[in-house]
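Have the sequence and the 3D view open while reading.

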Amino acid sequence: MKNNIELAKKLICEKTLSKDEFVSLIDGRCEETEELLKSEAVRLRKEIYGNSVYIRGLIEISNICKNDCLYCGIRKSNKNCERYRLAPDEIYECCDEGYELGMRTFVLQGGEDGFYSDKIICETVKNIKNKYPDCAVTLSLGERSKESYKKLYDAGADRYLLRHETANKEHYEKLHPKEMSYENRIKCLYDLKDIGFQTGCGFMVGSPFQTTENIAEDLLFIKEFSPDMCGIGPFIPHCDTVFGDNPPGSVNLCLFLLSVIRILKPNVLLPATTALGTLHPQGREMGILSGANVVMPNLSPKSVRKKYALYDNKLCDGAESAQSIEILKKRMSDIGYEVVTDVGHIKK
């Protein structure tokens, strides 16, 4: 345990470790190392962002997807998935509601749905930005060409979220069909950054076949790539997928890794994800108390929220719902944080 405390102190001091050291830190973690890293993560977070919690209005625009990722509930081969697609006018209505609720970032997330051409997405982004110039638009629409990403950026999109899922090629291939490639996923991330997007990556904690070595590689990738945003959450199985019988990932390990990521990249925008709240009733608060500084309440039309089921029992009501923003504010206030009306860009 003494060696592990020393590793934690080294991480705090040097802001990185070797792969073997990360493996030792994760496998040998104990209450003392968890508290030490959590305390430092919160200190860094407050030094840069104070007690502010940024809210993003999540609009899940489509659960139609051309991909067949083995873990995902909206994979194209899931015949039990009730498909939907929002029209641009429906997206604008969600933004109108979100703006009134104090949100200044809208996240348009969806499967890789061919309906959403560059033209449609560019027009949608331009209309949102024209109506709400004090707001940011984040896109999370999967892999596209660099030319496509450039058009979206030029249309006014500010941020792009694309989870790398795993920084290990062999592991990636165990989670995805052969039509998808690890190399292209990583290329997309670097393309986005090169274009000028505030770029987000991330991975699932406890995904099938994941080893501690894989997690260490994820952390080293995050250190090297230096994302503006990083979304991690525990893996949760979906009954209609290949991994439907797999156990969920560890909430405790996810919280530990949130603290580690905050230390690796002190100014990162780090969400307390829906998956955390799904596995633990206080998951969102626990994430904030581990170094996170973003929450993403659901702005999607109520009629479609349950259809965007990436995993089983996904939260979309209660404090997860944008309409319950006062509940969310109180829950954050109860732990000493404040939900703010702010565009919430990364602080350099």
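In this predicted model, K187 is partly exposed, at 45% relative accessibility. Its salt-bridge partner is D191, with the closest N and O atoms 2.8 Å apart. D191 is buried, with a relative accessible area of 9%.

**Salt bridge within a helix**
- K187 and D191 both lie in helix α8 (residues 182-195), and because they are 4 residues apart, about one helical turn separates them.
- Salt bridges with shared partners also join E40, R43 and E47 into one network.

**Salt bridges between parts of the chain**
- The count comes to 26 salt bridges.
- K131 and D96 form a salt bridge at 3.0 Å, N to O.
- K131 belongs to helix α5 and D96 to helix α4, so this pair ties together parts 35 residues apart in sequence.
- K131 is exposed at 51%, while D96 is partly exposed at 25% relative accessibility.
- K66 pairs with E112, the closest N and O atoms being 3.8 Å apart.
- K66 sits in the loop between β2 and α4 (88-100), and E112 in the loop between β3 and α5 (118-131), 46 residues apart.
- K66 counts as exposed at 53% relative accessibility, whereas E112 counts as buried at 12%.

**Cavity**
- The count is 1 cavity of 30 Å³ or more, and the largest cavity holds about 1,100 Å³ of space.
- Its lining has 48 residues, with Q109, S140, R163, E165 and L310 nearest the centre.
- Elements giving two or more residues to this lining include β2 (57-62), β6 (198-205) and α11 (274-279).
- β7 gives the most, with 5 residues.
- The lining divides into 28 nonpolar, 12 polar and 8 charged residues.

Methods
Residues are numbered from 1 along each chain as its sequence is written. This is a predicted model: local features need pLDDT of at least 70, side-chain atom pairs count only at pLDDT 80 or more; totals for chains, interfaces and linings use all residues. Side-chain values use heavy atoms; hydrogens and water are left out. On a 1 Å grid over the protein atoms alone, a cavity is a set of points where a 1.4 Å probe fits but cannot get out, and a pocket is an open set with protein on both sides within 12 Å along at least five of seven lines; lining residues have an atom within 4 Å of a point. Grid points are joined across faces, edges and corners, and a volume is the space filled by probe spheres set on the points. Ala, Val, Leu, Ile, Met, Phe, Trp, Tyr, Cys and Pro count as nonpolar, Asp, Glu, Lys and Arg as charged, and the others, Gly among them, as polar. A salt bridge is a side-chain nitrogen of Lys or Arg within 4 Å of a carboxyl oxygen of Asp or Glu. Buried means under 20% relative accessible area, exposed over 50%, partly exposed in between (1.4 Å probe, protein chains only).
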